[in-house]
Amino acid sequence: MRFIIYGVGAIGGTFAASLASAGHDVVGIARGDMLAAIRNNGGLMFRTTTAAQLVNFPVVGAPDELEFRPDDVIFLTMKGQHTAPALDELRAAGVTTQAVVCAQNGVNNERLALRLFPNVYAMTVMLPADYVTPGEVICYGTPKRGLIDLGRYPHGLDDNVAAIATAFDSAGFAAFPLEQVMRSKYGKLRDNLGNVVEAALGHGSRSGPLLDAIQAEAEAVYAAAGIDWVAVGNADPRRKGLMEMGAVAGVTRTGGSSIQSLKRGAGTIETDYLNGEIVLLGRLYGVPTPLNAGLVTIGHELVAKGAKPGSMSEAELRARLGL
């Protein structure tokens with residue numbers, strides 16, 4: 001079993017470095033500055049709570065540079081807005097029945113993948129990691145680097161799930177096969193609704209009455225749509241003593257995926273597939289979602305302005321949301 005990590009960022013980089021260090025066969029697909037840095041530096045600098053090491057694994061710039069094998073497992077670790085073109089590239093490169101694992105935020109990626117490929121898996125990733133500097137990924141999870149929920153999409157378990165879980169356990173993660181894994185992904189989506197708030201206000205702003213109101217809209221649309229979900233955030237009892245936030249020497253946590261995208265000047269953030277998913281469900285099931293709709297607009301504005309993280313005050317954000 002070879003692991004193809006499509007998108008070597010905070011999550012993909014942690015996966016690739018951890019699996020490669022544990023002796024697994026890993027190939028990364030990266031782009032831009034990250035691809036250049038890994039090649040120029042002779043590997044990915046991977047910093048954890050216990051060590052910093054340069055991890056070397058093969059890396060290419062696009063799927064068509066690979067000859068895919070029948071037993072390859074392809075992890076999608078790019079942002080949701082990049083999933084559709086990535087899937088098209090995989091199909092053009094000859095991917096057919098290989099396992100495709102959506103290890104991404106949001107709940108739209110699996111549906112897109114299943115349209116093109118028959119063996120799709122959903123993975124909920126609870127993993128505190130940063131990618132801000134090309135060629136470097138920082139993971140703060142300890143003692144396990146992250147918690148992983150995994151199952152077939154839309155539901156079910158099979159031998160691939162068991163093999164992937166075993167590999168991740170060997171690489172420093174705690175993997176949990178779940179028959180109904182999308183319950184977990186909808187719970188993670190609810191938590192990720194604060195990503196754009198953090199991008200606007202700065203690191204440390206993902207809690208309080210404002211986030212409670214934003215998440216309440218999600219809970220209302222879940223109820224209207226008959227969507228079952230389970231909490232996977234900081235209140236998840238699995239985290240205590242298994243995967244908690246640790247310190248990495250010489251660095252300070254940047255924050256979630258959206259704040260990292262703004263800091264890197266990536267040109268996009270995934271708000272459309274996080275808060276925008278709640279807006280979509282609200283429109284489908286007749287549930288008002290004004291806060292999440294407002295955050296979608298604000299997310300686009302932050303990117304269009306080239307704004308830095310923390311460029312808005314809470315008073316300004318609340319006024320924009322009509323609060």
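Where is the place of tryptophan 229? Tryptophan 229 sits in the loop between helix H8 (209-225) and E14. Helices (H or I, at least four residues) and strands (E, at least two) are DSSP runs, numbered from the N terminus. This is a predicted model, in which local features need pLDDT of at least 70 and side-chain atom pairs count only at pLDDT 80 or more, while totals for chains, interfaces and linings use all residues. Residues are numbered from 1 along each chain as its sequence is written, and side-chain values use heavy atoms, with hydrogens and water left out.

Tryptophan 229 counts as partly exposed because its relative accessibility is 25%; buried means under 20% relative accessible area, exposed over 50%, and partly exposed in between (1.4 Å probe, protein chains only). Leaving aside neighbours within four places in sequence, tryptophan 229 is in contact (heavy atoms within 4.5 Å) with Arg183, Tyr186, Gly187, Arg190, Glu219 and Tyr222. Lysine 185 is 44 residues from tryptophan 229 in sequence, and their C-alpha atoms are 7.7 Å apart in space.

Threonine 254 is buried, since its relative accessible area is 11%. Not counting residues up to four places away in sequence, threonine 254 touches Asp130, Val132, Tyr140, His203, Ile259, Gln260 and Lys263.

The next topic is the sheet. Eight strands form an open sheet with mixed pairing, in the order E5-E2-E1-E6-E7-E8-E12-E13; two strands pair if DSSP finds at least two bridges between them. Strand E5 (59-60) and strand E13 (174-177) are the edge strands, each pairing on one side only. Strand E1 (residues 2-6) and strand E2 (residues 25-29) run parallel and are joined by 5 bridges. Phenylalanine 3 stands opposite valine 26 in E2. Helix H3 (residues 83-92) packs on the sheet, where it touches E1 and strand E6 (73-76), and its direction makes about 160° with that of E6. Axes are lines fitted to C-alpha atoms, for helices over the stretch in contact, and angles run from 0 to 180 degrees between N-to-C directions.

The last topic is a helix pair. Helix H10 (residues 275-285) and helix H11 (residues 290-305) pack at an angle of about 135°, with their axes 8 Å apart. That makes H10 oblique to H11, as angles under 35 degrees count as roughly parallel, over 145 as roughly antiparallel, 65 to 115 as roughly perpendicular and the rest as oblique. The contact is made by Asn275, Gly276, Ile278 and Val279 of H10 and Asn292, Ala293, Leu295 and Val296 of H11.
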